[in-house]
Amino acid sequence: MNELINIQMNENQEPIVSGRELHEFLGVKTAYKDWFPRMCEYGFNEGTDFCSFLSESTGGRPAQDHHLKIDMAKEISMLERNDRGKQA
């Protein structure tokens with residue numbers, strides 16, 4: 001099966017995905033910095049459902065990103081209500 005989004009394993013051997021990669025895959029038009037906090041309003045908690053980190057700088061300031069557990073990524077995908085969300 002082909003991966004739609006890169007899945008990694010965290011230190012607890014749980015599958016996780018990048019919040020920014022999911023955002024891009026879903027084709028969300030809202031900026032990530034505005035979109036992610038809105039998604040967290042659905043009851044997701046840092047440390048339980050996701051963890052924050054700064055991505056590597058490509059010359060400017062590092063961008064805020066998040067590692068999402070698969071359950072959170074699935075729920076966010078369904079909330080987007082588009083074809084990409086159904087694929088994810």
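In which helix does proline 37 lie? Proline 37 sits in helix H2, which spans residues 32-40. The model described here is predicted.

**Proline 37**

At 42% relative accessibility, proline 37 is classed as partly exposed. Methionine 9 is 28 residues away from proline 37 in sequence. In space, the two are 23 Å apart, C-alpha to C-alpha.

A pair of aromatic rings is described by the distance of the centres and the angle of the planes. The structure contains 3 aromatic pairs. One of them joins tyrosine 32 and tryptophan 35. This pair is tilted, with 5.9 Å from centre to centre and 45° between the planes. Tyrosine 32 and tryptophan 35 are 3 residues apart in helix H2, so about one helical turn separates them. Tyrosine 32 is buried, because its relative accessibility is 5% and the cut-off for buried is under 20%. Tryptophan 35 is also buried, at 0% relative accessibility.

Another pair is made by phenylalanine 36 and phenylalanine 50. Their ring centres are 5.1 Å apart. Their planes meet at 85°, so this pair counts as edge-to-face. The pair links distant parts of the chain. Phenylalanine 36 belongs to helix H2, while phenylalanine 50 belongs to strand S3 (residues 50-54). The two are 14 residues apart. Both phenylalanine 36 and phenylalanine 50 are buried.

These rings come together: Tyr32, Trp35, Phe36 and Phe50 form one aromatic cluster.

**Cysteines**

How many disulfides does the structure hold? It holds 0 disulfides. A disulfide is a covalent bond between the sulfur atoms of two cysteines. For cysteine 40, the closest cysteine sulfur is in cysteine 51, 12 Å away. Cysteine 40 counts as buried, at 19% relative accessibility. Cysteine 51 is partly exposed, with a relative accessible area of 37%.

**The loop at asparagine 10**

Where is asparagine 10 placed? Asparagine 10 is in the loop between strand S1 (8-9) and strand S2 (15-18). At 13% relative accessibility, asparagine 10 is buried. The backbone nitrogen of glutamate 14 is 2.8 Å from a polar atom of the asparagine 10 side chain.

The table collects relative accessibility for several residues.

| Residue | Relative accessibility | Class |
|---|---|---|
| Tyrosine 32 | 5% | buried |
| Tryptophan 35 | 0% | buried |
| Proline 37 | 42% | partly exposed |
| Cysteine 40 | 19% | buried |
| Cysteine 51 | 37% | partly exposed |
| Asparagine 10 | 13% | buried |

**Helix H1**

Helix H1 covers residues 19-26. Its buried residues include Gly19, Leu22, His23, Phe25 and Leu26. Why do the buried residues of H1 line one face of the helix? Seen down the axis of H1, they fall within an arc of 165°, so they line one face.

Both ends of H1 have something to show. At the start of H1, a side-chain oxygen of serine 18 comes within 3.3 Å of the backbone nitrogen of arginine 20. Glycine 27 follows H1, and its phi is positive, near 70°.

Key. Residues are numbered from 1 along each chain as its sequence is written. This is a predicted model: local features need pLDDT of at least 70, side-chain atom pairs count only at pLDDT 80 or more; totals for chains, interfaces and linings use all residues. Side-chain values use heavy atoms; hydrogens and water are left out. Helices (H or I, at least four residues) and strands (E, at least two) are DSSP runs, numbered from the N terminus. Buried means under 20% relative accessible area, exposed over 50%, partly exposed in between (1.4 Å probe, protein chains only). Rings of Phe, Tyr and Trp (its six-membered ring) pair if their centres lie within 6.5 Å; planes under 30 degrees apart count as stacked, over 60 as edge-to-face and the rest as tilted. A disulfide is a pair of cysteine sulfur atoms within 2.5 Å. A polar contact is a pair of N or O atoms within 3.5 Å; within protein, one must be able to donate a hydrogen and the other to accept it, and residues adjacent in sequence count only if both atoms are side-chain atoms. The arc is that of the directions from the helix axis to the C-beta atoms.
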